[in-house]
Amino acid sequence: MAKLRSLIRGAFAGWLLPGDKPVLLVARDDDQAVDAATTLQRIGFDNVSGFVSGAMPVAVQNGPLDTLDFVDTETVAARVDNPPAGWTLLDVRAIDEYESGHIKDSKHAYVGKLPDAASDLDPDKPVTVMCGSGARATIAASQLMRKGFSDVDVYIGSMKAWTAAGNAIE
């Protein structure tokens, strides 16, 4: 049974959820669960089997919970200037967004195609995931962690924060 542990983004659900398995939603509350189920139905997922609210139901079932680290602009800028060994800055925006401006030496892999694109990355090397604001990056980081990547963090604010700080893009 597929579990969706973050707010469903309808544009990405079709890329990331298995179409042949039931989906169990983990939602903040009833309204969020109904909104997520409706979004999924609109893109052809009519196999939502139910939902649980908050993290507590998962925790008491002894399900796997993990944390995700977030980094700020200052940290990413320092890493760009002096990259840690094997570090990748992974930009998961759409290709047109990436081509219109990206951070120096970042690697591109669209969030919707990340499960396949992850094979080009070393799961034992550090990865910082970024997008336009951090929302897609969070989804992508979760996908990487699911594939066994051990050192993943998210650049919170991402391109909006980067450009707001006056940093250069290519």
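These legends accompany several close-up views of one predicted model. Local features are given where pLDDT is at least 70, side-chain atom pairs count only at pLDDT 80 or more, and totals for chains, interfaces and linings use all residues. Residues are numbered from 1 along each chain as its sequence is written, and side-chain values use heavy atoms, with hydrogens and water left out.

**View 1. The chain as a whole, with eight helices and eight strands.** Helices (H or I, at least four residues) and strands (E, at least two) are DSSP runs, numbered from the N terminus. Of the 170 residues in the chain, 42% are buried; here buried means under 20% relative accessible area, exposed means over 50%, and partly exposed lies in between (1.4 Å probe, protein chains only). The accessible surface is about 9,300 Å², and carbon and sulfur atoms hold 49% of that surface. These areas come from the Shrake-Rupley method with a 1.4 Å probe, and for residues only the protein chains shown count as cover. Among contacts (heavy atoms within 4.5 Å) with a separation of 6 or more, 65% join residues 24 or more positions apart.

**View 2. An open sheet of five strands with parallel pairing.** Reading across the sheet, the order is β4-β8-β7-β5-β6. The edges are β4 (69-71) and β6 (107-108), each of which pairs on one side only. Two strands count as paired if DSSP finds at least two bridges between them. As a reminder, strands of a sheet pair through backbone hydrogen bonds, either parallel or antiparallel. Four bridges link β5 (residues 88-91) to β7 (residues 127-130) in the parallel sense.

View 3. Follow T88 across to β7 and you will meet its bridge partner, V127. T88 counts as buried, at 17% relative accessibility. Which residues touch T88, leaving aside its neighbours within four places in sequence? They are K107, L121, P126, V127 and T128.

**View 4. The salt bridge between D153 and R79.** The structure holds three salt bridges, each defined as a side-chain nitrogen of Lys or Arg within 4 Å of a carboxyl oxygen of Asp or Glu. In this one, the N to O distance is 2.9 Å. D153 belongs to strand β8 (residues 152-155) and R79 to helix α4 (residues 73-81), so the pair ties together parts that are 74 residues apart in sequence. D153 is buried, at 8% relative accessible area.

**View 5. The salt bridge between R93 and D91.** The closest N and O atoms of R93 and D91 are 2.8 Å apart.

**View 6. The salt bridge between R136 and E97.** Here the closest N and O atoms are 2.8 Å apart. Because R136 sits in helix α7 (residues 135-146) and E97 in helix α5 (residues 95-99), the pair ties together parts that are 39 residues apart in sequence. R136 is buried, with a relative accessible area of 17%, whereas E97 is partly exposed at 25%.

**View 7. A161 in helix α8 (residues 158-164).** A161 is partly exposed, with a relative accessible area of 22%. Its C-alpha lies 6.6 Å from that of T73, although A161 and T73 are 88 residues apart in sequence. Leaving aside neighbours within four places in sequence, A161 is in contact with T73, Y155 and I156.
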